[in-house]
Amino acid sequence: MHTTIHHLLALWATIPEIVRTLVWILIITIGVILCVAFLTLWERKVIGWMQLRRGPNRVRIFGLLPGLGQPFADVFKLLTKEVVVPSGSSKFLFRIAPALALVPALAAWAVIPLSPELVVSKANAGLLYLLALSSMGVYGIILAGWSANSKYAMLGAMRSAAQMLAYEIAMGFALVGVLMAAGSMNLGQIVQHQQGGFLAWNWFWLFPMFVVYFIAGVAETNRAPFDVAEGESEIVAGFHVEYSGIAFALFFLAEYANMILISALTAVFFFGGWLSPVAGYPLIGHTFLADPSFFWLGLKVFCALFLFLWFRATFPRYRYDQIMRLGWKALIPVTLVWIGVEMVMAAIHIGPWARPWFH
């Protein structure tokens, strides 16, 4: 068995680097899409449990596990439905807008370290790359609303774009705090700078930044309670009201892919990424549980995703003026104040700045 594994690893090492990169891109993309499919099922199950009902429990796979086949049934339904393009729309932009919403959510995974060894691109400007990509998603939403030639779609697009811009600023300032603590824009190095156990992770010293970043992430993905862009009772489904079939499915896919992305980035920036929470602690701190691995990153992403679902089942939708007030008058001032606090901590060498690599 070990001989076969070593042989496969040696064979993998002989493959050109560009081919290996393309293989990993394909694996990660397919993995994210499958996670999105099962996330839709998990969301309906979790909300069902919270509301004392079962959720999907009919469609099976090979007669097993009731409900597990529901995501595949939904995909088949959306693929077979007709895509209606309004006669008065800008047809090229109408068709390209869903892709513009989805591509940034998938492209961002290029710089996310999935384990100590596995990352598609070790770009030193990974944080800047993520900020650039996150600002691209708004173009898909604006184009979807404008190209449909519908006042309802345009209204939903403008509301959503204004919301995303407001919370993107707060998110950017929160990441400035992470950059100050790590001293690097490379996501792998940001994770490595959090070594030392659970209390050494950035959430402890940058807790206000973590809260702001996660709230801004929920708003960026247009999830409840910030889902005014999809307020059915107000603007009949928002910017994608004219979309159907697979075109609508791409917007649906982009929303859930962004949820997974924000959860992964929260784990990387504030919870040590693939680092173990028990590393360095007595008894278990020197066992296999202390080894950094994709398992720990996956577990942290799982917990963050559960918060997304919990919020949807718990909080009522905010009014639009409340959303704008929270973004501009609460979250942004909090980040600016804590950046000042970080400057003081750096000057007196406490927190992350007390560690050896800052001397």
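At what angle do helix α10 and helix α14 pack, and how far apart are their axes? The first legend answers this; all views show a predicted model.

**View 1. Helix α10 packed with helix α14.** Helix α10 covers residues 207-220 and helix α14 covers residues 320-348; the two pack at an angle of about 150 degrees, with axes 9 Å apart. Angles over 145 degrees count as roughly antiparallel, so α10 is roughly antiparallel to α14. Their crossing is left-handed. From α10, the contact takes in Pro 208, Met 209, Val 212 and Ile 215. From α14, the contributors are Leu 326, Leu 331, Val 334, Thr 335, Trp 338, Ile 339 and Glu 342. By class, the residues of this contact are 9 nonpolar, 1 polar and 1 charged.

**View 2. Helix α10 packed with helix α12.** The axis of α10 comes within 10 Å of the axis of helix α12 (residues 245-270), and the two cross at roughly 170 degrees. That angle makes α10 roughly antiparallel to α12. On the α10 side are Met 209, Phe 210, Tyr 213, Phe 214 and Gly 217. They meet Ile 262, Leu 265, Thr 266, Phe 269 and Phe 270 of α12. The contact of α10 with α12 has 8 nonpolar residues, 2 polar residues and no charged residues.

**View 3. Helix α7 packed with helix α10.** The axes of α7 and α10 come within 8 Å and cross at roughly 150 degrees. The two helices are therefore roughly antiparallel to each other, and their crossing is left-handed. The α7 side of the contact consists of Gln 163, Met 164, Tyr 167, Glu 168, Ala 170, Met 171, Phe 173, Ala 174, Leu 175 and Gly 177. Facing these in α10 are Met 209, Val 212, Tyr 213, Ala 216, Gly 217, Ala 219 and Glu 220. Sorted by class, the contact of α7 with α10 holds 12 nonpolar, 3 polar and 2 charged residues.

**View 4. The largest nonpolar core and Phe 270.** The largest nonpolar core has 88 residues, of which Trp 109, Tyr 213, Phe 269 and Phe 270 touch the most other members. Helix α12 gives the most to this core, with 16 residues. Apart from neighbours within four places in sequence, Phe 270 is in contact with Val 178, Gln 194, Trp 201, Asn 202, Trp 203, Leu 206, Met 209, Phe 210 and Tyr 213.

**View 5. Ala 105 in helix α4.** Ala 105 belongs to helix α4 (residues 91-107). Its relative accessibility is 0%, so Ala 105 counts as buried. Ala 105 and Ala 254 are 149 residues apart in sequence, yet 6.5 Å apart in space, C-alpha to C-alpha. Setting aside neighbours within four places in sequence, the contacts of Ala 105 are Ala 254, Ala 257, Asn 258 and Leu 261.

**View 6. The buried residues of helix α6.** Helix α6 spans residues 137-147, and its buried residues are Gly 137, Val 138, Gly 140, Ile 141, Ala 144, Gly 145 and Ser 147. Their cover includes α4, α5 (126-134), α7 (151-182) and α12. Just after α6, Asn 149 takes a positive phi of about 60 degrees.

**View 7. The loop between α10 and α11.** Asn 222 is found in the loop between α10 and α11. Although not a glycine, Asn 222 has a positive phi of about 60 degrees. Asn 222 is buried, with a relative accessible area of 5%. Pro 225 also lies in the loop between α10 and α11 (232-235). A cis peptide bond joins Ala 224 to Pro 225, with omega about 5 degrees.

**View 8. Leu 65 and Gln 70.** Leu 65 is found in the loop between α2 (17-50) and α3. Leu 65 is not a glycine, but has a positive phi of about 50 degrees. At 56% relative accessibility, Leu 65 counts as exposed. Gln 70 lies in helix α3 (residues 70-80). With a relative accessible area of 14%, Gln 70 is buried. Beyond neighbours within four places in sequence, Gln 70 is in contact with Leu 41, Arg 44, Pro 56 and Val 59.

Technical notes
Residues numbered from 1 in each chain as written. Predicted model: local features only at pLDDT ≥ 70, side-chain atom pairs only at ≥ 80, totals over all residues. Heavy atoms only, no water. Axes fitted to C-alpha atoms, helices over the stretch in contact; angles between N-to-C directions. Helix = DSSP H or I, 4+ residues; strand = E, 2+ residues; numbered from the N terminus. Parallel < 35°, antiparallel > 145°, perpendicular 65-115°, else oblique. Left-handed = near helix turned anticlockwise from the far one by under 90°. Contact = heavy atoms within 4.5 Å. Nonpolar A, V, L, I, M, F, W, Y, C, P; charged D, E, K, R; others polar. Buried < 20%, exposed > 50% of the residue type's maximum accessible area, 1.4 Å probe, protein only. Core = buried A, V, L, I, M, F, W, Y, C linked by side-chain atoms within 4.5 Å.
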